[in-house]
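Here is my note on the model, as numbered points. Please read it with the structure open.

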Amino acid sequence: MTTTNPTAPYALGSTDAEHERLIWQAARLAPLTERLFREAGIGPGQRILDIGSGVGDVAMLAAKLVGPSEMS
């Protein structure tokens, strides 16, 4: 059995260049991810749980699709 160390550093590093690469990657994949989410039926009013999808780009896309929450 292989385990990972949750405190281990990110394998690709955390340099400014790596952050820029992740931003670039998220921008390029956003249309495909949004299409996948829409085809999966994600839409307004739903509640979505994001667990471990990265630095937040996917969560922000899901939030855009479901809209603001209504707190009562």
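**Notes on a predicted model**

1. Start with Lys64. At 55% relative accessibility, Lys64 counts as exposed. The model is a predicted one.

2. Which residue does Lys64 meet in a salt bridge? The partner is Glu34, with an N to O distance of 3.4 Å between the side chains. Lys64 belongs to helix α2 and Glu34 to helix α1, so this pair ties together parts that are 30 residues apart in sequence.

3. Glu34 has a second salt bridge to look at. The side chains of Glu34 and Arg38 meet at 2.7 Å, N to O. Both residues lie in helix α1, four residues apart, which is about one turn of the helix. Taken together, Glu34, Arg38 and Lys64 are linked in a network of salt bridges.

4. Is Glu34 buried or exposed? Its relative accessibility is 18%, and it counts as buried because the cut-off for buried is under 20%. That value lies under the cut-off, but please keep the number itself in view when describing Glu34: 18%. Leaving aside neighbours within four places in sequence, Glu34 is in contact with Leu61, Lys64 and Leu65.

5. The structure holds four salt bridges. One of them joins the side chains of Glu18 and Arg21, at 2.7 Å, N to O. These two residues are three apart in helix α1, and so are separated by about one helical turn. Glu18 is buried, with a relative accessible area of 7%. Arg21 is partly exposed, at 30% relative accessibility.

6. Now the core. Which residues make up the largest nonpolar core? There are six: Phe37, Ile42, Leu61, Ala62, Leu65 and Val66. Helix α2, residues 57-66, gives the most to this core, with four residues. As general background, nonpolar side chains in soluble globular proteins tend to be buried together.

7. After α2 comes Gly67, which has a positive phi, near 85°.

8. Apart from neighbours within four places in sequence, Leu65 is in contact with Glu34, Phe37, Arg38, Ile42, Gly43 and Pro44.

9. Next, the loop between α1 and α2. Ile48 lies in this loop. Ile48 counts as partly exposed, at 41% relative accessibility. Which residues does Ile48 contact, leaving aside neighbours within four places in sequence? They are Ile42, Ala62 and Val66. Ile48 and Ala59 are 11 residues apart in sequence and 8.6 Å apart in space, C-alpha to C-alpha.

10. Arg47 lies in the loop between α1 and α2 as well. Arg47 is exposed, with a relative accessible area of 84%. From Arg47 to Val66 there are 19 residues in sequence and 7.2 Å in space, C-alpha to C-alpha.

11. Last, the largest pocket. About 250 Å³ of space lies in it. Its lining includes Leu22, Gln25, Ala26, Leu29, Ala30 and Thr33. Ser53, Gly54, Val55, Asp57, Val58 and Leu61 also line the pocket. α1 gives the most to this lining, with six residues. α1 and α2 each supply at least two lining residues.

Technical notes:
Residues are numbered from 1 along each chain as its sequence is written. This is a predicted model: local features need pLDDT of at least 70, side-chain atom pairs count only at pLDDT 80 or more; totals for chains, interfaces and linings use all residues. Side-chain values use heavy atoms; hydrogens and water are left out. A nonpolar core is a set of buried Ala, Val, Leu, Ile, Met, Phe, Trp, Tyr and Cys residues joined through side-chain atoms within 4.5 Å. Buried means under 20% relative accessible area, exposed over 50%, partly exposed in between (1.4 Å probe, protein chains only). Contact means heavy atoms within 4.5 Å. On a 1 Å grid over the protein atoms alone, a cavity is a set of points where a 1.4 Å probe fits but cannot get out, and a pocket is an open set with protein on both sides within 12 Å along at least five of seven lines; lining residues have an atom within 4 Å of a point. Grid points are joined across faces, edges and corners, and a volume is the space filled by probe spheres set on the points.
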